[in-house]
Amino acid sequence: MAGVAAQATSRGSSLIAIIADEDTVTGFLLAGVGNVDLRRKTNYLVVDNKTTVKQIEDSFKEFTNREDVAIVLISQYIANMIRFMIDSYSKPLPAILEIPSKDHPYDPSQDSILSRVKHMFSSDPSGPSDRK
């Protein structure tokens with residue numbers, strides 16, 4: 001099952017990091033995505049009503065700067081709390097994917113990454129040249 005959580009690459013193992021509510025994180029941990037390194041750092045953050053926006057921002061920064069993380073999964077309602085960081089993120093790796101949670105359905109119109117992809121593949125001739 002470790003192959004689900006980490007995939008061997010030329011630079012070592014690649015992990016999936018998760019920022020989500022307890023039920024979502026638990027589901028991914030049960031699927032084998034969890035990891036704790038020697039410094040006791042995890043690849044997930046459980047967000048509840050006591051979690052501050054600063055903690056979410058710090059985890060997002062940490063996960064997006066780690067060499068061993070290939071994908072960051074974030075619940076969309078949590079991504080909305082740090083939307084400015086999600087929108088300004090432009091690196092190809094790790095990839096940021098917004099996912100639904102049990103209590104908050106997914107809304108494609110709020111997903112900035114999906115909007116960027118639609119814009120890139122749009123047949124509108126004025127598309128990419130109008131970007132900032």
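Author: Helices (H or I, at least four residues) and strands (E, at least two residues) are DSSP runs, numbered from the N terminus. The structure discussed here is a predicted model, in which local features need pLDDT of at least 70 and side-chain atom pairs count only at pLDDT 80 or more, while totals for chains, interfaces and linings use all residues. Residues are numbered from 1 along each chain as its sequence is written, and side-chain values use heavy atoms, with hydrogens and water left out.

Reader: In what pattern do helices and strands follow one another along the protein chain?

Author: The protein chain holds six helices and five strands. Read along the sequence, their order is α-β-β-α-β-α-β-α-α-β-α.

Reader: Is A70 buried or exposed?

Author: A70 lies in strand β4. A residue is called buried under 20% relative accessible area, exposed over 50%, and partly exposed in between (1.4 Å probe, protein chains only). The relative accessibility of A70 is 19%, and therefore A70 counts as buried.

Reader: Which residues does A70 touch, beyond those up to four places away in sequence?

Author: A contact requires heavy atoms within 4.5 Å. The C-alpha atoms of A70 and A95 are separated by 6.3 Å, although the two residues are 25 places apart along the chain. With residues up to four places away in sequence set aside, A70 touches S14, L15, L93, P94 and A95.

Reader: What is the omega of the peptide bond from L93 to P94?

Author: P94, one of the contacts of A70, is found in the loop between α5 and β5. The bond that joins L93 to P94 is cis, and its omega is near -5°.

Reader: How far apart in space are P92 and A70, C-alpha to C-alpha?

Author: P92 also belongs to the loop between α5 and β5. Its relative accessibility is 72%, so P92 counts as exposed. P92 and A70 are 22 residues apart in sequence, and their C-alpha to C-alpha distance is 9.3 Å.

Reader: Which residues does S75 touch, not counting those up to four places away in sequence?

Author: S75 is found in strand β4, which spans residues 69–75. S75 has 0% relative accessibility and therefore counts as buried. Leaving out residues up to four places away in sequence, its contacts are I19, A20, D21, T24, I99, P100 and S101.

Reader: Which two residues form the aromatic pair?

Author: Rings of Phe, Tyr and Trp (its six-membered ring) pair if their centres lie within 6.5 Å; planes under 30 degrees apart count as stacked, over 60 as edge-to-face and the rest as tilted. A search of the whole structure finds one such pair. With 6.0 Å from centre to centre and 75° between the planes, the pair is edge-to-face, and its members are F60 and Y89.

Reader: How many residues apart are F60 and Y89?

Author: Both F60 and Y89 are buried. F60 sits in helix α3 (residues 53–65) and Y89 in the loop between α5 (83–88) and β5 (95–99), and the pair links parts of the chain whose separation is 29 residues.

Reader: Why do the buried residues of α3 line one face of the helix, and within what arc do they fall?

Author: The buried residues of α3 are I56, E57, S59, F60, F63 and T64, whereas K54 and N65, on the other side, are exposed. An α-helix has 3.6 residues a turn, so residues three or four places apart point the same way. The arc is that of the directions from the helix axis to the C-beta atoms. Seen down the axis of α3, the buried residues line one face because they fall within an arc of 165°.

Reader: Which residues touch the most other members of the largest nonpolar core?

Author: A nonpolar core is a set of buried Ala, Val, Leu, Ile, Met, Phe, Trp, Tyr and Cys residues joined through side-chain atoms within 4.5 Å. Among the contacts of F60, leaving aside neighbours within four places in sequence, are I19, I82 and M85. In the largest core, which has 17 residues, those touching the most other members are I19, F60 and I74.
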